[in-house]
Each structure stands twice: as C-alpha cells, then as structure tokens.
Amino acid sequence: MCIMRFSVLFITALTVTVVSCAVLKKSGETPEEEESRAVLRLKEINEELDSKKNYNTVASWAYASNITEDNLKRMNDVSVETAKYYKELASELKGFNAKEYKSEDLKRQIKKLSKLGYSALSSEKYKELLEAITWMESNYAKVKVCSYKDPKKCDLALEPEITEILIKSRDPEELKYYWKQWYDKAGTPTRESFNKYVELNREAAVLDGFKSGAESWLDEYEDETFEKQLEDIFAQIRPLYEQLHAYVRFRLREKYGDGVVSERGPIPMHLLGNMWGQTWSEVAPISVSISEQKLLDVTDEMVKQGYTAALDV
C-alpha cells in the first residue's frame with residue numbers, strides 16, 4: 001500500500017509535480033526490516049530534496065539578480081510549497097522508530113529531517129515570516145545615500161561606492177557620515193520587520209520542541225558544549241586581542257587625534273575601513289608603518305612546506 005504525496009512547484013513557466021511513495025509499516029515487521037525500509041525511503045527522500053533545493057535556489061537567484069514583484073512572488077510561492085513538503089515529510093518520518101536503528105548515519109538523517117524549522121509555523125505565519133525577511137533583504141539591496149561632497153548626488157550604493165570610500169578615505173567626518181547614513185537607511189526602516197522575524201523565529205522553535213530560537217540554532221552544531229567551547233577559545237585569545245585592539249587604537253589616535261579616537265574607549269567602527277568593522281586590513285597602512293616592517297607574506301614558507309595550489313591531474 002502506498003501513500004502518494006503531490007507537491008506542485010512553479011518555476012517560471014515550468015510546473016513540476018513531485019510524487020513520493022512510502023510503504024506503511026507492516027504488521028509484525030522486525031526492527032531490522034523497518035531499518036532496511038527506512039534506508040530505501042531515505043534514498044527516495046534525498047533525491048526529492050535535491051530537486052526541491054534546486055527549485056528554491058533557482059527562484060531565490062532569480063529574485064536576487066532581478067528584484068521585481070513577480071520574482072518575489074515566485075520565490076515566496078516556492079518557499080511556501082517547500083515548507084508544506086517538509087512538514088509532511090517530518091510527520092512521515094516520526095513513524096519510524098529511528099532510536100532503535102543500528103546505523104548512526106540513518107538516525108542522524110531522520111533526526112535532521114524531522115526538525116521542521118520555520119516550516120513548523122502555520123501557513124499564514126510562514127507567509128508573514130517570508131514578508132519580514134524579504135522586506136529586510138530588499139531594503140538592504142536598494143539602499144542609496146547622498147554624496148558627502150555633493151548632496152545632490154544621491155545614488156551611492158554600498159557596493160561599490162560606499163565600500164570603496166570606507167577603504168580609501170582618511171577624512172573621519174566623511175567616514176562617519178557614510179557609516180551613519182547607511183545604517184540609518186538600512187536598519188531603521190526594517191525595525192518592525194526584524195521584531196516580527198524574532199517573534200516568529202521563536203514561535204517556530206517552540207513548536208519544534210525548543211525553548212528559544214537560539215536553542216534551535218545551537219542544535220545544528222550537535223554538541224551540547226558548543227557555547228562553552230567558544231567561550232573557552234575567546235578566553236584564550238582575549239589577551240592577544242586586547243593588545244592588538246589597544247595598538248590599533250593608539251595608531252588611529254596618532255592619525256586622527258584624541259578628539260576622534262579616545263585613549264581607552266572603543267575604536268569608532270567607521271574608521272576601520274569596513275562597514276561592520278569585521279576586518280581591519282584596510283587600515284594596515286596606518287597601523288603598520290611600512291618603513292618599520294613589511295606586511296607579513298607567508299607565501300614562500302607555505303610553498304616550502306608543500307602548501308600549493310597545484311592540482312594532481
């Protein structure tokens with residue numbers, strides 16, 4: 001006896017019908033027989049997932065590369081249908097007694113696929129979640145700011161104009177202007193959507209059996225000590241980081257003065273050559289005097305140790 005599942009996904013003008021077939025558990029089936037059946041079913045599921053992930057990727061790329069209302073609707077339609085599929089799939093997999101299986105790989109696959117994520121939400125709330133996310137992404141992609149030097153020129157985007165200015169400019173007021181303008185336009189308008197996202201993220205996690213969205217995310221690492229490991233690693237590197245931070249702050253204060261960079265406070269993010277202060281390489285010409293020391297280049301040593309880009313053909 002078979003259970004037939006039909007999921008229709010629309011990508012451009014193409015309509016694809018995906019049919020999955022699973023055999024109901026037979027009366028008197030041994031654990032070994034059920035595990036063998038689960039192996040076959042997981043093989044089918046993985047093939048289905050390859051197809052569905054491809055449809056989602058195509059729809060997402062179409063929207064990311066051409067932000068239109070039609071592409072947005074198509075992307076969200078595909079996402080809603082896929083969420084429905086995952087919910088049905090999780091329900092089916094819960095019928096397997098995976099804890100008793102010998103194969104750890106099989107148990108792990110079933111556990112992963114039984115986790116619903118955002119698909120745990122009702123269809124209406126899932127659509128609300130998509131709307132919140134797509135609005136934040138759309139706003140981020142469309143942000144434009146006016147030029148610091150020419151207020152009438154208001155077509156500067158993060159990439160490439162603002163990013164290039166943050167890298168090259170050494171005018172602290174200009175850097176501060178672009179940093180504030182971009183954050184005001186990229187962040188402030190999306191506050192309501194972000195709050196909605198946080199709310200629905202937590203609701204989905206609770207429906208999926210977790211206490212919070214954070215707990216759901218941490219579960220992906222499959223290690224109960226993950227947070228503790230990160231804390232221990234940071235504790236180890238913190239003394240070095242604090243010295244590095246103090247040194248870069250000192251050199252920036254030399255460059256811009258005490259009125260811009262304090263002696264003991266945090267480093268103003270807009271001075272670090274990156275919108276998020278993630279990398280400090282762009283301020284290396286300030287923090288590392290070329291006359292004192294060349295920037296580190298480990299290429300020769302890597303080649304010496306056998307680290308090359310050569311491929312065996």
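Which residues in helix 2 meet which residues in helix 3? I began my notebook with this point.

**Entry 1: the model.** I noted that this is a predicted model, in which local features need pLDDT of at least 70, side-chain atom pairs count only at pLDDT 80 or more, and totals for chains, interfaces and linings use all residues. I also noted that residues are numbered from 1 along each chain as its sequence is written, and that side-chain values use heavy atoms, with hydrogens and water left out.

**Entry 2: confidence.** I looked up pLDDT, the predictor's confidence in each residue, from 0 to 100. The protein chain has a mean pLDDT of 87, and 88% of its residues reach 70 or more. I then turned to the elements; helices (H or I, at least four residues) and strands (E, at least two) are DSSP runs, numbered from the N terminus.

**Entry 3: helix 2 and helix 3.** I return to my opening question. Leu89, Ala90 and Leu93 in helix 2 meet Ile110, Leu113 and Ser114 in helix 3. By class, this contact has five nonpolar residues, one polar and no charged. Here Ala, Val, Leu, Ile, Met, Phe, Trp, Tyr, Cys and Pro count as nonpolar, Asp, Glu, Lys and Arg as charged, and the others, Gly among them, as polar. The axes of helix 2 (residues 69-93) and helix 3 (residues 104-114) come within 8 Å and cross at roughly 135°. Axes are lines fitted to C-alpha atoms, for helices over the stretch in contact, and angles run from 0 to 180 degrees between N-to-C directions. Helix 2 and helix 3 are therefore oblique to each other; angles under 35 degrees count as roughly parallel, over 145 as roughly antiparallel, 65 to 115 as roughly perpendicular and the rest as oblique. Helix 2 passes helix 3 in a left-handed crossing. A crossing is left-handed if the near helix is turned anticlockwise from the far one by less than a right angle, and right-handed if clockwise.

**Entry 4: helix 2 and helix 4.** I found that the axes of helix 2 and helix 4 (residues 123-142) come within 11 Å and cross at roughly 140°. This crossing of helix 2 and helix 4 is right-handed. The contact is made by Leu72, Met75, Asn76, Ser79, Val80 and Ala83 of helix 2 with Tyr126, Lys127, Leu130 and Thr134 of helix 4. Its residues divide into six nonpolar, three polar and one charged.

**Entry 5: helix 5.** I looked up Pro160, which is found in helix 5 (residues 158-168). The peptide bond from Glu159 to Pro160 is cis, with omega near 5°.

Entry 6: Tyr221 is in the loop between helix 8 (213-219) and helix 9 (226-256). Glu222 also lies in the loop between helix 8 and helix 9. Phi of Glu222 is near 55°, a positive value in a residue other than glycine.

Conventions. Contact means heavy atoms within 4.5 Å.
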